Amino acid sequence: MRSFKHGRDRMQQRSIPEQVIDLIITFGSWTRRHGADVFFMTKEARSDVRRHLGSTLYAVIERKLDAYVVVSDCSSANSDIIRPPIPI
């Protein structure tokens, strides 16, 4: 995954390892918003990750899966942004 400074900073601030970002992109769902792909975890995706990792390792990273990943089409400094979920 190619990440830019802003995304790396957010990952570090929220203690989100790159492996979790890879899991969100690999197993999660995505939607298109404002010229970017937004990846997030659904209930089904979480079940898939649990089966993939096993219950013990899944329990260690479960809370980190609340993040979502924004991957922009543009090549600006804000191309990859990691944020916690937006409250609804």
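Select Asp 37 and Arg 32 and show their side chains: a polar contact of 2.9 Å joins them. A polar contact here is a pair of N or O atoms within 3.5 Å; within protein, one must be able to donate a hydrogen and the other to accept it, and residues adjacent in sequence count only if both atoms are side-chain atoms. The model is predicted, so local features need pLDDT of at least 70 and side-chain atom pairs count only at pLDDT 80 or more, while totals for chains, interfaces and linings use all residues. Residues are numbered from 1 along each chain as its sequence is written, and side-chain values use heavy atoms, with hydrogens and water left out.

Stay on Asp 37, which lies in strand 2. Strands (E, at least two residues) and helices (H or I, at least four) are DSSP runs, numbered from the N terminus. Which residues is Asp 37 in contact with, leaving aside its neighbours within four places in sequence? Select Trp 30, Thr 31, Arg 32, Val 69, Val 70 and Val 71. Contact means heavy atoms within 4.5 Å.

Next, select His 34, in the loop between strand 1 (29-33) and strand 2 (36-40). His 34 has a positive phi of about 50°, although it is not a glycine. The relative accessible area of His 34 is 85%, so this residue is exposed. Exposed means over 50% relative accessible area, buried under 20%, and partly exposed in between (1.4 Å probe, protein chains only).

Move to Ser 15, in the loop between helix 1 (5-13) and helix 2 (18-27). Ser 15 is not a glycine either, yet has a positive phi of about 55°. Ser 15 counts as partly exposed because its relative accessibility is 48%.

Now look down the axis of helix 2. Its buried residues are Val 20, Ile 21, Leu 23 and Ile 24. An α-helix has 3.6 residues a turn, so residues three or four places apart point the same way. Select Gln 19 and Thr 26 to find exposed residues on the other side of helix 2.

Finally, show the whole protein chain. It has four helices and four strands, in the order α-α-β-β-α-α-β-β along the sequence. Of the 88 residues in the chain, 33% are buried. Among contacts between residues at least 6 apart in sequence, 47% join residues at least 24 apart.
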